[in-house]
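Please look over the sequence and the structure shown here before reading the report.

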Amino acid sequence: MADVIEVGAARSDAPPPAGRLRGRGVTERGHRATPYLFLAPYLVLFLVFGLAPILFGVWISLHQWDLQLPNRPFIGLDNYQDLFSSDSAIYGDWWSSVRATAIFTVLSVPLLVVVPLGLALLLNRSFPGRTFFRAAFFAPYVLGVAVIGLLWRFLLDANLGLVNRLLGVVGLPSDTPWVTDVPWAWVSLVGVTVWWTCGFNAVIYLAGLQDIPAELYEAAKVDGANSWDRFRHVTLPGLRPVLLFVLTTTILASANVFGQAFLITQGAPGEQTRTVVWRIVDEGLRDYDAGRAAAMSVLFALMLAVVSIVNFRLFRYRED
Amino acid sequence: MTSLRQGVRYAVLLLITAVFVTPLIWMALTSVKTYADAQQDPPSWLPHPFSTYGYDAIINNTANPVLRWFVNSLLAASLHTLLVLITASMAAYALARLRFVGRKLSFALIVGTLFLPPTSLIIPNFVIAERLNWIDTLTVVVVPGAASAFGVFFLRQFFLSIPRELEEAAVLDGANHWEVFTRVLLPLSKPALANLAVLSFLTNWNDFLWPVYVLFSPERLTLPAGLGLLQGAYVTDYPVIMAGAVLASVPVLILFVVAQRHIIQGVSRSGLKG
């Protein structure tokens, strides 16, 4: 990303063409206020719903902030302390949701990085029907999580669902509790997510693959490289920035999982598949403890920031 | 030998296609089954008899006004898309073409929030929306999402890729910034604007978490938020639930068929920023 920004910045910093400066308050071609007027409509939205909430969230987290009570006393870091002290009421629920999110992320990210790459490689060469297949693989992604949640709750229904019935038809066990027991609930959540979003990552990989110069493959061929060698020494290095992008965005997306668990497993068994985001909104918006929920959000954002930074470091290190 | 390899390739591709598409076909088929038909074991693929039971149940339903949700979603997604196009394109113009004090800082702040998961702002955003008296209104599912940095960033990158010559010619003809923006730059940016429009519409139409927690009145819900209620009310009455799911899928699937190029392009371009 840095490259693109630099190029853009350098360009806009270029000195204005000579002879266009018209005196006080009027720059290049227009009034000094013009840029701010162009920026203003978005800036209002951004300040109110993009920037202010970051600071406001931290502020809320330092208070005992019950949405239904007028009094919101300042309590310093108490909300954070509660999340770390095992004798607080929220401790168990919070860390159980962190555990659920970690399990989901660790299981889903490798699949969401590798499977779409396989699909992209299958579709990379031009052949009749390529556009059709790409559309078919991408189709689930255009549906919202509400639709795919309802659909898979049905397909994975232990008694009425298509999955168990098809397994029964081919003579496999047909009574797997896909949405009500572990480890099946994890298999379901991860499987559905891969099915739902892998077309998205595949399209991003495809764009990256198109950018690798064909000459590199030709040269490798001339040097006697087989297809595995070409994948390892041409495709993978060429895809590195795209891989980093996919990895980073996929980790963030997986860590923010909500709808699948809310609709498909509904947290079951017990609350084992209740994720962090779900815990945060329930704590804040259902139980009205916005202070504690805000503290969870801040802590969670910090955790994700650490993961992203580690991620960037690892990849950059390998590049050297 | 090559034809054999080709055959294997197509067999693999068709198998994968079946995995992606069968669930969607099953959804559509179940939505036109009777309750009893949907309970059959082993399952019957084709509806027998063909029935509008599921759709009848959701169309004249006062407790779950699904058609109302549909209209709400359509309104919200359209207004949201319009808001994003206007505000993001104007801001992107300023950031890509104009020189002003604070440009670098504002761009850095805007891009910085791209890395922040929107869910981490949900609590403060709720409190802000509450203070604005927006909770349980259409506004709350239209406006806050437009603060996303994606559109601004996306259009700025596109504007920077357009050569400046045409704009400079317009300036020599005496055009001001607004004229350059609306008559030169925007017409040249139609593909990127279409990409962004389609992606914004999809995102808003499909949004789930936020509407579930900021909308309460049955007649104010958007379709995804309403589908959650439908699931609670009909539990295993799958033709009814699938009819609701089909209703929520049809507009975006049509959009996908009609504007596939824009969706794929938009996603590819958003990836290239990496």
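## Basis of the model

This is a predicted model, in which local features need pLDDT of at least 70, side-chain atom pairs count only at pLDDT 80 or more, and totals for chains, interfaces and linings use all residues. Residues are numbered from 1 along each chain as its sequence is written, while chains are lettered from A and ligands numbered from 1 in the order in which they are written.

## Chain B

Chain B has 15 helices and zero strands (DSSP runs of H or I, at least four residues, and of E, at least two, numbered from the N terminus). Its radius of gyration, 23 Å, is well over the 19 Å that the globule rule gives for 274 residues, so chain B is more spread out than a compact globule. That radius is taken over C-alpha atoms, and the rule is 2.2 Å times the number of residues to the power 0.38.

Along the principal axes, the C-alpha atoms of chain B fill a box of roughly 75 × 65 × 35 Å.

## Contact with chain A

In chain B, 81 residues are in contact with 79 residues of chain A (C-beta atoms, placed from the backbone, within 7 Å). The side of chain B that touches chain A has 58 nonpolar, 20 polar and three charged residues. Here Ala, Val, Leu, Ile, Met, Phe, Trp, Tyr, Cys and Pro count as nonpolar, Asp, Glu, Lys and Arg as charged, and the others, Gly among them, as polar.

Terms used
Two residues are in contact if their C-beta atoms, placed from the backbone, lie within 7 Å.
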